[in-house]
Amino acid sequence: MNDQKEIKKVFSIGSGGDFAFSFLSAQGLEQIEEINVCDVRQMANISIDFKIGLFKNLEYEETLKLFLGQELFYKEQIYKKIRETIILPSRKIFDFILRNCKEDNFLKCLKNSGLWYKNSFWQIKNKTEYLPYLATKEKYLLLQKNLDKISIYSGDFNENLKLFKDNYFALIYMSNILDSKKYCQEPNKYLQAAREKLNGRGLLFIITQNNSKKMVKLVEGHGFYACEKELHKFNIISCFFGHYSYSLLLFKKNE
Ligand SMILES: C[S@@+](CC[C@H](N)C(=O)[O-])C[C@H]1O[C@@H](n2cnc3c(N)ncnc32)[C@H](O)[C@@H]1O
């Protein structure tokens with residue numbers, strides 16, 4: 001990625017938290033000061049907070065075994081380790097979930113809760129591609145060191161982005177939210193705000209499953225130019241293997 005040394009402040013869609021975790025585990029990005037993640041789904045934010053608690057308190061090997069279901073982790077044992085680390089609303093929800101889960105197995109309780117971002121459970125099998133922060137112990141250790149750089153915001157992406165000063169961010173990440181009216185009624189307003197909040201050399205990273213040419217045209221119409229593209233079209237075979245066919249588009253602000 002160009003200018004990566006200049007990326008200090010980031011705003012990102014929350015989702016499963018994987019973007020923020022991956023970023024904070026990457027070599028050469030130690031200068032990052034803050035990653036602000038935002039999701040309109042309260043449960044997404046609760047699960048990000050919970051994952052932060054897990055990663056702070058579990059060794060690399062434990063986390064892998066837990067998510068791969070290679071060992072039985074008793075819910076009380078695991079939860080005791082992280083309960084004090086998570087915020088009060090997360091604690092209340094997880095107290096309830098674990099108390100009412102008939103299983104002893106922590107992973108099963110998580111899966112049954114429906115709260116967790118479901119993709120995380122199968123993506124672990126393709127961790128290098130989807131969950132790079134779990135790909136090696138080194139990356140995980142780096143992530144652990146940086147977890148306090150994450151702040152979580154609840155509510156609409158644009159409303160939260162607008163809380164920050166103009167020219168504040170070096171990178172804004174929008175994954176899929178411009179793809180659907182369900183996520184974003186007014187793409188123009190989101191792109192306008194992104195331009196205002198990005199600094200002079202700011203980067204806008206967009207992931208889309210829609211027509212990438214149309215997306216480039218839309219974004220370029222708001223004072224950006226596409227500097228890197230990784231295009232993927234829908235492919236039924238990849239789909240069977242659980243791979244996405246999203247395109248990755250990186251934009252810079254026009255001078
Ligand atoms: C389809 S998921 C993106 C998954 C993606 N592949 C990733 O990087 O994690 C979109 C996420 O954005 C959230 N979302 C959608 N519209 C939003 C909005 N306007 N403001 C904040 N979050 C939004 C959804 O709740 C969901 O968690």
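User: Hi! Which residues are closest to the ligand, and how many surround it?
Analyst: Hello! In this predicted model, the ligand is surrounded by 18 residues, and the closest are Ser15, Val40, Phe157, Ser175 and Tyr183.

User: Which elements give two or more residues to that shell?
Analyst: Those are helix α1 (18–24) and strand β2 (34–39).

User: And how do the shell residues divide into nonpolar, polar and charged?
Analyst: Ten are nonpolar, four are polar and four are charged.

User: Thanks. Stepping back, how many helices and strands does the protein have?
Analyst: There are 13 helices and seven strands. The radius of gyration is 19 Å, close to the 18 Å that the globule rule gives for 255 residues, so the protein is as compact as a globular protein of that length. Its C-alpha atoms fill a box of roughly 55 × 40 × 35 Å along the principal axes.

User: What percentage of the residues count as buried?
Analyst: That comes to 35% of the 255 residues. As for contacts with a separation of 6 or more, 73% of them are between residues 24 or more positions apart.

User: What about the largest nonpolar core, and which residues have the most contacts inside it?
Analyst: The largest nonpolar core has 62 residues, and Val10, Leu171, Ile172, Leu204, Ile206 and Val219 have the most contacts inside it. Helix α2 (residues 42–57) provides the largest share of this core, with seven residues. In soluble globular proteins, nonpolar side chains tend to be buried together.

User: Let me pick Leu171. Which residues is it in contact with, leaving aside its neighbours within four places in sequence?
Analyst: Leu171 is in contact with Ile7, Val10, Gly202, Leu203 and Phe205.

User: New topic: helix α4. Which of its residues are buried?
Analyst: In α4 (residues 75–82), the buried residues are Lys75, Ile78, Tyr79 and Ile82. They cover an arc of only 95 degrees around the axis, which puts them on the same side of α4. Glu76, Gln77 and Lys80 are exposed on the other side of α4.

User: What covers the buried residues of α4?
Analyst: The cover includes α2, α5 (88–100) and α6 (106–113).

User: Now α11: which residues are buried there?
Analyst: In α11 (residues 187–197), Tyr190, Leu191, Ala193, Ala194 and Lys197 are buried. Their arc around the axis is only 160 degrees, which puts them on the same side of α11. The face turned away from that buried side carries the exposed residues Asn188 and Lys189.

User: What do the buried residues of α11 pack against?
Analyst: They pack against β1 (9–13), α10 (157–161), β4 (169–175), β5 (198–208) and α12 (212–220).

User: I'm also curious about Gln144. Where is it, and what does it touch?
Analyst: Gln144 is in helix α9 (residues 137–146). Not counting residues up to four places away in sequence, Gln144 touches Phe55 and Lys56.

User: Last one: what is phi of Asn167 and of Asn176?
Analyst: Phi of Asn167 is near 60 degrees, a positive value in a residue other than glycine. For Asn176, phi is near 65 degrees, again positive in a non-glycine residue. Most residues other than glycine have a negative phi.

User: And where are those two?
Analyst: Asn167 is in the loop between α10 and β4, and Asn176 is in the loop between β4 and α11. Asn167 counts as partly exposed, with 13 C-beta neighbours inside 10 Å. Asn176 is partly exposed too, with 17 other C-beta atoms within 10 Å.

Definitions and conventions: Residues are numbered from 1 along each chain as its sequence is written. This is a predicted model: local features need pLDDT of at least 70, side-chain atom pairs count only at pLDDT 80 or more; totals for chains, interfaces and linings use all residues. A residue is near a molecule or strand if its C-beta atom, placed from the backbone, lies within 6 Å of it. Helices (H or I, at least four residues) and strands (E, at least two) are DSSP runs, numbered from the N terminus. Ala, Val, Leu, Ile, Met, Phe, Trp, Tyr, Cys and Pro count as nonpolar, Asp, Glu, Lys and Arg as charged, and the others, Gly among them, as polar. The radius of gyration is taken over C-alpha atoms; the globule rule is 2.2 Å times the number of residues to the power 0.38. A residue is buried if 20 or more other C-beta atoms lie within 10 Å of its own, exposed if 12 or fewer, and partly exposed in between; C-beta atoms are placed from the backbone. Two residues are in contact if their C-beta atoms, placed from the backbone, lie within 7 Å. A nonpolar core is a set of buried Ala, Val, Leu, Ile, Met, Phe, Trp, Tyr and Cys residues joined through C-beta atoms within 7 Å. The arc is that of the directions from the helix axis to the C-beta atoms.
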